[in-house]
Amino acid sequence: MRPGTGLFPASACLDGALMLRRTPFGRWVRWADLALRGPAGLLALLPPELPFETSGSTGTPIVWWRSRAQLLQEAEHIAALLEPERPDAFVVHAPLRHLYGLLFGALVPALLEKPARYVRATDPLPAGPERPLHVAVPSTWWQLRHSGELTPDRPLTVVHSTGPLPGTAAAVRRALPRLRLYEVHGATETGMIGTRTDGAPDWELAPDVSFAGPAVPGHRAPLSVHSPRLARRDDAPPGQRHVLDDLVEVTGPRSYRLVGRLGGLLKINGRRADLSAVETALRAAVPDVVLRCVLVPDEVRGEWYEVHVDGGETARNAVAAATRALPDWQAPRAVRTAPLTSGPGRTPGPTAPPVEERTP
């Protein structure tokens, strides 16, 4: 960090993140200025509870409440995970209004007393840090690939937590052999569940998380967990267990492998879209057209979807017009003509491929 260049007060950043859900993009924050004197100092600065809202993309948004003790406990686990990389600065691409951004982009830098720079997808990456740690979103990999600030001999750590790695990640990792990758698996409802490093096939449960189902190697089922960090809904205590929409295969007492996702759920920039609902809406708009939503890998977003239409250009144009009624973030990457042999709607399977299909 270059002293005095775009410096934003640490206390104002924390208050803005906690109360106003604001992120000081384009600014540096020197978190050591909080002078916490340990985790208890950070705990004292947090409100008793903090709400986090799901995107509502698969239904009505739900508010999940997390206590300050839960937030601190998770921040301490993350700090212990990342401290061996000895980062000298955090480069935060994720907004602080989300649990992932708040933890990795504010609470952990505060605990480690490291400065942080907050960048948008269109911002240049900062010069100066010798061992930067990037709190990534999918577009981060495109920024890394086109940055002149990174060289093969420079240590670099990237944390990724929004679904499959985009295709650009493979090129970045080849170009930067000293890059260390940490992937985080979790949800708003659960916080961090598991982690893996450098693209290993298996995920390891976080220290305070355990399987709620059989921990028998080879067992396949939706991931079900116990954790003291499960959030609570309005007017309800935290649950004893939570079942996610990820299909996993248990590989050991505390390890698992992601093998798919239930139904037609897709993550677009961290927001969940239900492709079954998208198809229903499109079929209602163009009832005489046979169509299907198909998941496809994407160089920037990691995964996206296309609408395949069984018919000619007239049918394709009608479906393309219907997609304009979808929310902007939920629009398909493309509408294409393709022969569909299964009749109207989706066939089981194509919209839920294995989520582990990524270049090592």
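## Aromatic pairs

Let's start with the rings. In this predicted model, a search of the whole structure turns up two aromatic pairs. A pair of aromatic rings is described by two things: the distance of the centres and the angle of the planes.

Take Tyr100 and Phe104. Their ring centres are 5.2 Å apart and their planes meet at 55°, so this pair is tilted; the label edge-to-face is kept for planes over 60 degrees apart. Both residues belong to helix H4, which covers residues 99-112. Tyr100 and Phe104 are four residues apart, about one turn of the helix. An α-helix has 3.6 residues a turn, so residues three or four places apart point the same way. Tyr100 and Phe104 are both buried.

The other pair is Phe211 and Tyr256. Here the ring centres lie 6.2 Å apart with the planes at 75°, so the pair is edge-to-face.

## A charge over a ring

Which ring does the charged end of Arg21 sit over? It is the ring of Phe52, and the charged end of Arg21 is 5.4 Å from the centre of that ring.

## Helix H6 and its neighbours

Now look at helix H6, made of residues 168-175. Its buried residues are Thr168, Ala169, Ala170, Ala171 and Val172. What do these buried residues pack against? They pack against helix H5 (140-145) and strand E9 (179-187).

## Cysteines

A disulfide is a covalent bond between the sulfur atoms of two cysteines. How many disulfides are counted in this protein? The count comes to zero.

Two cysteines you can find in the model are Cys13 and Cys293. Cys13 has a relative accessible area of 2%, so Cys13 is buried. Cys293 has a relative accessible area of 0%, so Cys293 is buried as well.

## The whole protein

Stepping back, the secondary structure comes to eight helices and 21 strands. The protein has 360 residues, and 50% of them count as buried.

Contacts tell you about the fold too. Among contacts with a separation of 6 or more, 62% are between residues 24 or more positions apart. Finally, the accessible surface comes to about 15,900 Å², and carbon and sulfur atoms account for 53% of this surface.

How values were computed:
Residues numbered from 1 in each chain as written. Predicted model: local features only at pLDDT ≥ 70, side-chain atom pairs only at ≥ 80, totals over all residues. Heavy atoms only, no water. Buried < 20%, exposed > 50% of the residue type's maximum accessible area, 1.4 Å probe, protein only. Helix = DSSP H or I, 4+ residues; strand = E, 2+ residues; numbered from the N terminus. Contact = heavy atoms within 4.5 Å. Phe/Tyr/Trp six-rings, centres within 6.5 Å; stacked < 30°, edge-to-face > 60°. Lys NZ or Arg CZ within 6 Å of the ring centre and 35° of its normal. Areas by Shrake-Rupley, 256 points an atom, 1.4 Å probe, with all protein chains shown as cover. Disulfide = S-S within 2.5 Å.
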